[in-house]
Amino acid sequence: MSTILNRILNQIGDPEIVDKLLSLSKADLNSLLLELFKKQTDGITPADVLKTYQSNRFPIPSDADPAKFHALETQLLTAAQNMEIKTVLLSPSAPLGSCSAFGCVDQYNVVSALRGTETLSDPSNMLAIIIADKLKRRIESNIIPLHYAATARVVRAQAFSGKGFFAHFGLYCMVSSGKDSGSYTCEKDLLEKHLIFYKELFQEQYNARLSIVLRKRGGYTDGDGFFDRMTEVIKTTLPNTPLSFDYDDVDNKYYQGVNFKIYMERDGEKIEFGDGGFVDWIYQMLGNKKERCLISGIGLDRFLLL
């Protein structure tokens, strides 16, 4: 329990109040919180709103050029559609716990909201949820792999300092889903799809100087064999792209097997703008160990700065 929460509980005089509130049904707790926020806003004046805007980092607008930002979104989504990747216009809200439920993100790093929601913080999680829903309801089948893409402006609560870090920023992400068919064939096909997309867009259209760092992760019984196979895929798909390896932090459980990072060189400096890897989210939602899922994404604000 945090020092701040301890102080609050001591001030209230009821150290069990959190447990008491959690014993309420979700509907009753939501009604209580709605009333608290309503009473809190009853005393807020327009001048208070301005002060909050001036002191709170979340509502501050981006420095990115909005016309260039939306043009980049259009270009990415059109390129995805041309590669038969389905595109989705996401809601700015996600189900509460849509990131933390998978055991990878602390809920403190997400802007939680009311009515069972949180502010969208990662479109890849939402696309995985949408795919899992379609698979569970048998609207879609991933025997032939499914590929989805979206752009979204997301909000994250953790505070970073330095150039290129913002409280809210734009992301383009792809999520691919398929069934294990042996010999890592499914993973190979999913990874090729993502790499070809980035190759055709950034190397061929922008003539960008890219490089990739492949990071080893746990999660596969034959970890070395899987890592070697994915290395072959990258070398074959991007033969002229420098590839290096990172064997640190293997026990990081966010990704399964591998995590790749995409860098772009500008003025002699390598800047990371893309990230991806295999995750077990759809398996966790559906309980089917044959489910395979690959996610990847790029930061739009950061790319515009380049």
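This is a predicted model: local features need pLDDT of at least 70, side-chain atom pairs count only at pLDDT 80 or more; totals for chains, interfaces and linings use all residues.
Residues are numbered from 1 along each chain as its sequence is written, and side-chain values use heavy atoms, with hydrogens and water left out.

Let's start with ring pairs. Rings of Phe, Tyr and Trp (its six-membered ring) pair if their centres lie within 6.5 Å; planes under 30 degrees apart are stacked, over 60 edge-to-face, and the rest tilted. That rule gives 16 aromatic pairs. In one of them, the centres of Tyr 184 and Phe 226 are 5.1 Å apart with planes at 75 degrees, so this pair is edge-to-face. Tyr 184 is in the loop between strand E5 (168-179) and helix H7 (185-205), while Phe 226 is in helix H8 (residues 223-237), 42 residues apart. Helices (H or I, at least four residues) and strands (E, at least two) are DSSP runs, numbered from the N terminus.

Both Tyr 184 and Phe 226 are buried, meaning under 20% relative accessible area, with exposed over 50% and partly exposed in between (1.4 Å probe, protein chains only).

Next, Phe 227 and Phe 245 make a tilted pair, 5.9 Å centre to centre with 55 degrees between the planes. Phe 227 is buried at 3% relative accessible area, whereas Phe 245 is partly exposed at 34%.

And there is a cluster: ring pairs link Tyr 172, Phe 197, Tyr 198, Phe 202, Phe 273 and Phe 303.
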